Amino acid sequence: MGGAGVDVGGFRENRVVGPGVGCDALVVIDKPDVDERALAATVSAAWAVDVAELAFLPVGLDGHAWAYRVDTAHGQRYFLKLRHGAFTRAAVLLPGFLRARGIRQVVAPIDPPGGTGHAFGDYRLLLYPFHDGGSLWSRGLTDRQWTEYGEFLGRLHTVAPSAEVAAALPVETYRSGAGNRLRALSGQAAASPDLGGFWDRYGDALHRLSALVDDLAARVPRGRHVICHADIHPGNLIADGAGPLHVVDWDAPILAPRERDLMFVLSQDFGDHPVDARRADLFRRGYGPWEPDPTTLSYYRGERHLDDVAAFLDSILNSGGGPESRANDLHWLTRIAETVAHPDYAP
């Protein structure tokens with residue numbers, strides 16, 4: 001999620017945390033309704049691994065995607081991502097492309113069969129290396145990791161995509177559908193026993209945010225597009241202590257201005273230990289000299305808040321999730337709304 005420091009493990013289209021995420025993700029989703037014995041057999045056959053155990057990881061915020069740790073009979077561990085429906089071609093293709101160009105922080109799928117993941121009934125599967133240590137959302141980054149964070153994004157933003165990768169990546173249009181989704185859900189939210197009080201308190205502020213995002217989109221200068229991860233907050237950075245970074249959750253990369261990624265670094269919304277002057281200096285040592293456009297940063301921050309609000313509203317109203325999952329969604333939704341409704345709010 002975006003605002004109020006709630007983007008744990010990615011939200012938007014790619015709301016599942018990445019390989020090796022720890023229990024500090026502070027999010028809960030319901031277990032998928034699948035035959036886990038059949039799932040283990042499918043993984044064993046598809047990737048030629050001897051699966052001894054599948055351990056469900058109750059993390060992430062996407063009702064269409066789930067995570068498992070795969071333990072093999074030989075002591076190896078993998079991270080399995082299960083999605084209802086296909087992964088995008090870019091999510092499968094781009095990480096391997098970046099690894100081949102020497103960006104070692106990227107965690108890429110292991111020999112993905114079929115181009116969009118291996119089929120399992122109505123689901124698709126991707127298998128990844130499992131990295132110990134957990135995400136840096138709660139722990140924060142060491143000084144060296146802040147500089148490596150900058151080095152990673154600096155390299156990512158200078159890689160020229162191949163023709164195949166460029167064809168697979170969506171391109172920024174600055175036309176968010178989040179405002180329309182919010183308006184479509186507003187009547188249902190106002191009438192909901194679960195959300196009626198919330199909507200009475202925050203509905204006007206959320207509609208103002210929608211109008212503000214439209215205004216900012218009209219004023220964003222159209223700059224050069226680069227490869228962007230699009231969800232590069234500390235929840236998608238994995239490290240074992242002070243060790244090297246592993247960047248996960250490549251489900252929704254995009255060709256966009258650099259601010260699309262830098263918004264996660266330069267705002268205060270992401271992680272329990274966000275950027276300050278010293279950390280920004282460490283990051284820039286790695287990233288290099290570059291001044292972001294303030295209007296573009298504001299657009300991305302406001303749009304992120306709006307998109308997350310719309311996604312949480314839809315999840316609470318329509319997903320059919322369990323009580324724990326719904327309570328978790330409402331908790332983060334309220335935190336975002338409190339940020340947006342504050343008199344001093346400015347994306």
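**View 1. Packing around helix α2.** The buried residues of α2 pack against β5 (123-129), α3 (143-156), α4 (163-168) and β6 (226-228), where contact means heavy atoms within 4.5 Å and buried means under 20% relative accessible area with a 1.4 Å probe, protein chains only. Helices (H or I, at least four residues) and strands (E, at least two) are DSSP runs, numbered from the N terminus. The model is a predicted one, in which local features need pLDDT of at least 70 and side-chain atom pairs count only at pLDDT 80 or more, whereas totals for chains, interfaces and linings use all residues. Residues are numbered from 1 along each chain as its sequence is written, and side-chain values use heavy atoms, with hydrogens and water left out. On α2, the residues that are buried are A90, A91, V92, L93, L94, P95, F97 and L98.

**View 2. The length of α2 and the residue that follows.** Just after α2, G102 adopts a positive phi of about 90 degrees.

**View 3. The bend in helix α5.** At L185, α5 bends by about 40 degrees, the bend being the angle between axes fitted to the seven residues ending there and the seven starting there. The 14 residues of α5 (residues 178-191) should span 20 Å, and its end C-alpha atoms are 20 Å apart, which agrees. L185 is itself buried, as are A178, G179, L182, S186 and A189, and the cover over the buried residues of α5 includes α6 (196-219) and α9 (294-318).

**View 4. Strand β2 and its two partners.** Eight of the eight residues of β2 (residues 65-72) are buried; A65, A67, R69 and D71 point one way from the strand, while W66, Y68, V70 and T72 point the other way. Strand β1 (residues 51-57) pairs with β2 in the antiparallel sense over six bridges, pairing being assigned if DSSP finds at least two bridges between two strands, and L54 stands opposite V70 in β2. Strand β3 (residues 77-84) also runs antiparallel to β2, joined to β2 by seven bridges, and R77 in β3 is the bridge partner of D71.

**View 5. The hairpin turn between β2 and β3.** Four residues lie between β2 and β3 in this hairpin, and G75 in the turn has a positive phi of about 85 degrees.

Conventions
Buried < 20%, exposed > 50% of the residue type's maximum accessible area, 1.4 Å probe, protein only. Expected span 1.5 Å × (residues − 1).
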